[in-house]
Amino acid sequence: METKIGVFLCNCGEAIKNIDFDAAVKEIAKFPGVTCVNLSSDLCLEEGKKKMISCIREENLERVVVAACSPEFHEHAFGEVLEKAGLNGRLLSMANIREQCSWAHDGDVTGKAVELVKMAVNRVRLLQPMEMKELPVNNEVLVVGGGFSAINTALQLSRVGLRTTLLEKEAALGTGTEELESLCGFDTSSMVSAVEADKNIKVLTSARVMEVDGKIGDFSVRIRQEGGEILRKYGAIVLATGHQTELALDCELKLGLSIVSQEEFCRMLGNPSLETEPKTIGFIFDFCDENSRFPTLATLNNALAAKRRWGSEVYVFYKSVKVDSEGAEILYQEARDCGVVFLKSEVPPRIDVDNGQVKIKAKDVFLGEDIILVCDVLVAEELHLPTEETANLSSLLNIRRDSRGFCQEENVHLYPVASEKKGIFFVGGCRGDLDLGRVLTDISSVVMNVYELLSSGKILVEAEKVEADPQKCVACLTCIRVCPHGAIQLVRINGGKEVAGISDLACYACGICAAICPAKAINFQSYRDEEILAQIEAI
Amino acid sequence: MENKNVLVVGSGISGIASALELANAGVSVYLLDKEAVVGGRSASFCCKATDICSRCSACVVLGKVKEAVTHPRIKLLTNSTMKKLSGELGNFRVEIEQQPRYVDEERCIACGLCTEVCPVDPKAIYPPFAEATPFSYILDKGRCLRFKGERCDLCRTSCPTKAIEFDLKPKEQELRVDAIIVATGFDVFDAREKGSLGYGRYTNVLTGLDLEHVFTRDGYLRLPTNGREPQNIAFIQCVGSRDKDHEYCSQVCCKYAMKLAGLIKYQNPDARVTIFYIDLQTAGKGFAQFYEEYKESIRFVRGVPVEILQTVSGELEVRFEDISQGKVCRDTFDLVVLSVGISPGKNTWDLARILGINLADNGFFDKKDSLSCNETNVDGIFLAGTCQGPKDIPDSIAHGIAAASKTMRVLAESASQRRGH
Amino acid sequence: MIIAERKPMEEIKQLIVPYRKVLVAGCGTCVAVCWAGGEKEVGILASQLRLARSVERNEISILEATVERQCEREMVAEIKDKVAEAEAVISLACGSGVQTMAEMFEDKPVFPGVNTTFIGMPEREGLWVEMCGACGDCFLDRTGGVCPIVRCAKGLLNGPCGGTRKGGKCEIDPEKDCAWVLIYRRLEKQGRLDLMRNYYAPKNYRAVKRPGKVQAAKA
Amino acid sequence: MRIMNGHIVAFCCEHSAYPAADSAGRLGLHYPENVRVIRVPCAGRVDLIHILKAFENGAAAVLVMGCEDGACHHITGNTRAKERVKYSEILLKEVNIDGGRVRMFNLSPNAPHKFVRAVNEMTRITKESGR
């Protein structure tokens, strides 16, 4: 028996004037399967919805087409109407006869409107009902890293009740945070003791991730420690592997007492028994890498500190100061008010080492003249780079990196902390150069995102929305290779043949796999080939 | 987190980000906005893509707005302002005043019949911008004859769904909420304050925001005076940022100026574009390649002009000191765009008084201490987005999510404490 | 796995000029995996042929069918009704599948729609490379698991030709690795470099009997 | 198979082109009536067979419209769609149909003007190349 389809037309309070609805109703009633055609003027209002429900019940409709405004607005609401009338909410197709028909064209568009309805009727006939189901997820989180971001992410996750494992490659947490400590004024040791006191946090030091398998809610991670290897299960993974710096120097210039990095300079500042206090100090930044904020902040802080502690003469050579972070402009002004000399230059200064003294030669843009500065200490320009661990982990997890090698691709939809795979997040320096304010924001964002996914121990999803037919799948692995969200894996059905298995949890329902499958084995409910081709045939 | 309620003040992108996260975690959210449409300022920004996405994030806002509006756990309170606050974390009582919209957004089906019959020019009842949500019509009390004492009734009687009602009083209601997120956003710096730049006097001097709206509305750029395609365009950076009244960088202007300049160059490769700047802020994810691409084709001049004059022929003469050349120069342009910065919202002070939260020296809401990002001096009140300081769209979203995170934490902690007692 | 590639459209069009009803038969095994003859490719070819003939105003009716393995008589038998309906068959299977079809339906012309090219593996999604020449006398034990017969452009058995480019690339195709560099590195890793000292006489391909036949031990 | 009916089939990504088309309607930007929009969850869902079938069915042209390059919600969907469209051009040329009749456009949801421009351009191309 033919499926009973009901078509509900709405003339939008008689505002759709260039469609002859009476003629349209007559035409639509002729389509096969259409058992009732209703015209109303207020379908999206409560009155209209009520009429719709009673009509669906009275006529025993099995599928519904709504021809009205754009589905962008009310598709969801009409789906609910179907549910109320006892039909599965997915058995609905909308024809956009307002925004994409009546309003987009001059003159009579009855013909087009009828055709749009025909497309929807053809599609709705093939639609399948879909149910929601709850899937369990493991709610323990793996945080990789042992720096500021990692420790604070773990602490905050614990405070919202999620168990966390902190995995650090070094022998102890909080190594290598000296520079940040002096920059931002926090105390690592108290954070580390807070972690140790927290029973929700397990710490694995001298540990490395060897292999990651699975998907959101069920990652299995093989971890190598000194004592051997362990296999643990996690619901989500947060990368907090930080960044590293590298001096941008000509190779013949030997790094020594007179040319130092920002980090070493911090150590000099913190050293109470320094033999000789430097009298003249030069800083250089923003020539080799014009796209980082961190060098600006480090320079401003260190220059101010040097001025205050030693009263040294401080000269800063730079191209543009990066003040687009909170408080940076104030800091810049403070440094100038303190007597730090800022020298803007368009080209990188020349550096020579002569008898233990560093000579900096630069062309100042304001004076338009060459300046030669002889200084005791030069804090050289640093490049801001991703760590090796970041590179290793992202290839282990098979996630994309940006053009500079940091985690997270440059896609606006992934910002701030998401990866293209559900359940894998980035926080802090591993995803780019961030100032303290942004790192703090990142940490809280990641905690929120993880909490949302894992806190209840289960996730509600549409069951088998995208599914590979095991009978047709030839296990060519194409879908596994193309899935941008890593949602497909080979699975063994009943211990036998291996086929593509699409995880309902990890799938974003984009349909890339369905389009590319050479065996046409992948069914994407609501957007199956039949459903798309049926619309084409109606034209 | 069922049976918890949170009020989010301001439905801009950070407010929406907060509301969505909380709602997805099971919290019921009231999303309050003084305007008639949801989405705040960034919802009306234009797409700045050329052949590739320029990562301005304007489209992200639209997606989030749509999500928020249809979310079952988010209740929208548009046209509403906060009048009074009492109570504390876990038990705030908030008095809300909702101005009548006159057009019922539940009933308005955006058919446009009212605009057709409205006798006033410009029309007193009109649709919001194309991407607005809810897409229901707006009645402008200032233009409407009815509110000038006349008996015009045309729109009301023409409305097929009886969505228009005139005799409405502001509605007052009291909400009980566990926590509050303040996301009231920013105001654009009023370029008229810098009189010498001629904004408001010369038609061809626009602000960056104006330019956004031009692209949103028309999709291309034409000179406001004669409708021709501009060939010689200048962007002036740091208008209302990094000066003695604004001791901060607005963080968005260099990016939007360069992206808009890129869009202009893309649409008209022959156009000459100059950007006058103090320091270029080229940091941030994905911006490096963009800067590299336009480094050559856009002229960057170090030095910000102080004066713009209109010549007899209608061109704009810009006087500036080219620091790299070390001389004072003049140059003429068809169009000058002032890259206006982010200023604290005008109602920030009032709201701070109502909520009892502190303001920072720069006029934005102050956070508790340097190691917090959303907390205020009042427990249970959190900050999200540009009301706390300048931020671009991605940073605002992140800050909004972070505020939701902090809120979630206090709600979770107070729940477990109660269980403990 | 057998790798094949679609024949040029012009050739296929010529094959079916006299016919008005043609079956495009796909195979769901090797050629499906290499995107040459699975259900998807059947649909594309069928659609293209219909379009081509309609442009020429010479309408054609195309039937579509895909079996799991066209080199199995039992599986091909499943589509005998469709074959009966058609005037000719274009098989998108490997040469073996085409011949199975041709043998089973002797009264129907069965045309190959793909060129069977080699035995290989995917290098990445959508790109396949030759790995095995099915020479019938496997040599891989001596070369660290790298076949010089097909992976060396010259099929050399006793070390590289001397034209190896910088970076270990092939003289003939700079995009390909020199097989002998790969062999050297592999053997080096395994500490079996002494194998490189052996001399191998030219393979006697004439000794390989055509057609090949493999008889499994009786179970 | 039907003779060419002069329609343009536009596969529109629900994240970008579809809302852009809606906005165009709301702004009252008019475009030729012969466009038939088919909503897809991502341009990456559009398969070669969909494009070919549209032509078989008599379409004058096919548009695949996805998010801007680098802004796909599914990271690679729009670039895959672009490759597929390029391949479909070859498939069409093989059967003597002008490859210019299929085009990929990238746009964002807040670019209604770009949608209208794309449709107008395609209409012009089909008119120029004739039936």
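This short talk goes through chain contacts, sheets, nonpolar cores and domains in the structure shown above.

The model is predicted: local features need pLDDT of at least 70, and side-chain atom pairs count only at pLDDT 80 or more, while totals for chains, interfaces and linings use all residues. Residues are numbered from 1 along each chain as its sequence is written, with chains lettered from A and ligands numbered from 1 in the order in which they are written.

I begin with chains A and B. Chain A brings 55 residues to their contact and chain B brings 55 residues; two residues are in contact if their C-beta atoms, placed from the backbone, lie within 7 Å. On the side of chain A that touches chain B, at least two residues each come from helix H3 (71-84), helix H11 (328-337) and helix H13 (436-454) of chain A. H13(A) gives the largest share of that side, eleven residues. Helices (H or I, at least four residues) and strands (E, at least two) are DSSP runs, numbered from the N terminus. By residue class, this side of chain A holds 19 nonpolar, 18 polar and 18 charged residues. Here Ala, Val, Leu, Ile, Met, Phe, Trp, Tyr, Cys and Pro count as nonpolar, Asp, Glu, Lys and Arg as charged, and the others, Gly among them, as polar.

The contact of chain A with chain C takes nine residues from chain A and ten residues from chain C. The chain A side of that contact has six nonpolar residues, one polar and two charged.

I turn now to the sheets. In chain A, four strands form an open sheet with parallel pairing, in the order S2-S1-S3-S4; strands pair if DSSP finds at least two bridges between them. Strand S2 (34-40) and strand S4 (92-96) of chain A are the edge strands, each pairing on one side only. From one strand to the next, the twist averages 15°. Strand S1 (residues 5-10) and strand S3 (residues 63-68) of chain A share five bridges, and A:Phe8 has A:Val66 in S3(A) as its bridge partner.

Two helices lie across this sheet. H3(A) lies across S3 and S4 of chain A, at about 150° to S4(A). For these angles, axes are lines fitted to C-alpha atoms, for helices over the stretch in contact, and angles run from 0 to 180 degrees between N-to-C directions.

In chain C, an open sheet of three strands has the order S1-S6-S7, with antiparallel pairing. Its edge strands are strand S1 (2-6) and strand S7 (127-132) of chain C, and the twist averages 70° from one strand to the next.

Which residues touch the most other members of the largest nonpolar core? Among its 366 residues, they are A:Ala67, A:Val450, B:Val182, C:Val31 and D:Met65. A nonpolar core is a set of buried Ala, Val, Leu, Ile, Met, Phe, Trp, Tyr and Cys residues joined through C-beta atoms within 7 Å; buried requires 20 or more other C-beta atoms within 10 Å of a residue's own, placed from the backbone. The largest share of this core, eleven residues, is from H13(A).

Lastly, chain B is assigned domain 1 (5-99 + 170-185 + 345-420) and domain 2 (189-342), with bounds from an automatic or database domain assignment. Their centres, taken over C-alpha atoms, are 32 Å apart.

Definitions and conventions: Buried ≥ 20, exposed ≤ 12 C-beta atoms within 10 Å, placed from the backbone.
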